[in-house]
Amino acid sequence: MKILCVCLSATIQRTVLFDSFAVDCVNRSNNWREDASGKALNAARVLNQIEPGCSVAVCPVGNSNAERFMHLASNDTDLYVTPIYIEGNTRVCWTLLDTKNGTTTEVVADEALNSLQIAGAEAELKLLEFVRKYMTSFDALLFAGSRPQNWSANICARICEVAHKAGKLVLADFRGDDLLGTLKLTTPQIIKINEEEFCQTFGGLLLSEEELVSAISKKSQELDNIIVVTRGRKDILASEKGKNYRVPAEQVKAINTTACGDSFAAGFLHAYLLAKNIEKALKEGAHCAALNAQTIVPGSLKPSEE
């Protein structure tokens, strides 16, 4: 099996552990690590732990800190990254883990608006050409993560369209205008989204449990596809062309909840491609998310040694 993972928002992720963490005071960490990250990269890492060598990630990488990002990526034995170099910086994120209270706080540092460098038509064409050229060698596209403001508004739709024209299955894990714009051009066979994102994208309001189940079913029937909605510790809800599914999230003692959604997407897609069984795929996705929650590495199924 071969899965191409596309990420427009690659990240240098620093995960910092504290015995306890409090605002408005000095906090001293007891350990930290850095990883090449971003939603689709996290998913690619998990996919390669499920089936070694099954996934390649492609992402824009800012020239200013590209050496640092690629050093992290090349030293990760579960990650194979093809960079598309652009001007500016790859963003940096911090995950703050309070081991006493079991909380995860994420801080995302995008480039300031006034210092944004336009990714440029050349970079976008290079990315699209890579997807177009190599998509025929893959079984599916997993496209996840937010679109930085320096990429054109229709880039998500164009990437999904390339995969669709190649006859490949697409799992889309993004939201809002980018998802709505994509649906005007092509319909991903699988939309994976969390509850808040689903409501904001398709309704604008938080819904009751009954209303949410109904809304997912109606939207799946309308789009003639699969919609999967994750909800943290609550049951995972899904619908295939209007047929509803519900699978419990595995309850574990979480160390780091960052990338649990990415791990779910990886496990779900891999299992679905193998058996085309949604219920089995939902359970595998839930299991991968639970394993990831027990490690400090974003997008990993391996127990933490730290």
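Analyst: Start with a residue in a loop. In this predicted model, alanine 259 sits in the loop that joins strand S13 (243-247) to H8. Alanine 259 is buried, because its relative accessibility is 9%, and the cut-off for buried is under 20%. Its backbone also deserves a look. The phi of alanine 259 is near 75°, a positive value in a residue other than glycine. Most residues other than glycine have a negative phi.

Now the helix itself. H8 covers residues 260-275, and its axis comes within 8 Å of the axis of helix H1, residues 39-50. The two axes cross at roughly 50°. H1 and H8 therefore count as oblique to each other. Their crossing is right-handed.

Which residues make the contact? From H1 come Lys39, Asn42, Ala43, Val46, Leu47 and Ile50. H8 contributes Asp262, Ser263, Ala266, Gly267 and His270. Sorted by class, the contact of H1 with H8 has 5 nonpolar, 4 polar and 2 charged residues.

Lysine 276 lies between H8 and helix H9 (278-293), in the loop that links them. Lysine 276 has a positive phi too, near 55°, and is a residue other than glycine.

To recap, H8 packs obliquely against H1, with a right-handed crossing. A positive phi is found at alanine 259, in the loop between S13 and H8. Another is found at lysine 276, in the loop between H8 and H9.

Notes
Residues numbered from 1 in each chain as written. Predicted model: local features only at pLDDT ≥ 70, side-chain atom pairs only at ≥ 80, totals over all residues. Heavy atoms only, no water. Axes fitted to C-alpha atoms, helices over the stretch in contact; angles between N-to-C directions. Helix = DSSP H or I, 4+ residues; strand = E, 2+ residues; numbered from the N terminus. Parallel < 35°, antiparallel > 145°, perpendicular 65-115°, else oblique. Left-handed = near helix turned anticlockwise from the far one by under 90°. Contact = heavy atoms within 4.5 Å. Nonpolar A, V, L, I, M, F, W, Y, C, P; charged D, E, K, R; others polar. Buried < 20%, exposed > 50% of the residue type's maximum accessible area, 1.4 Å probe, protein only.
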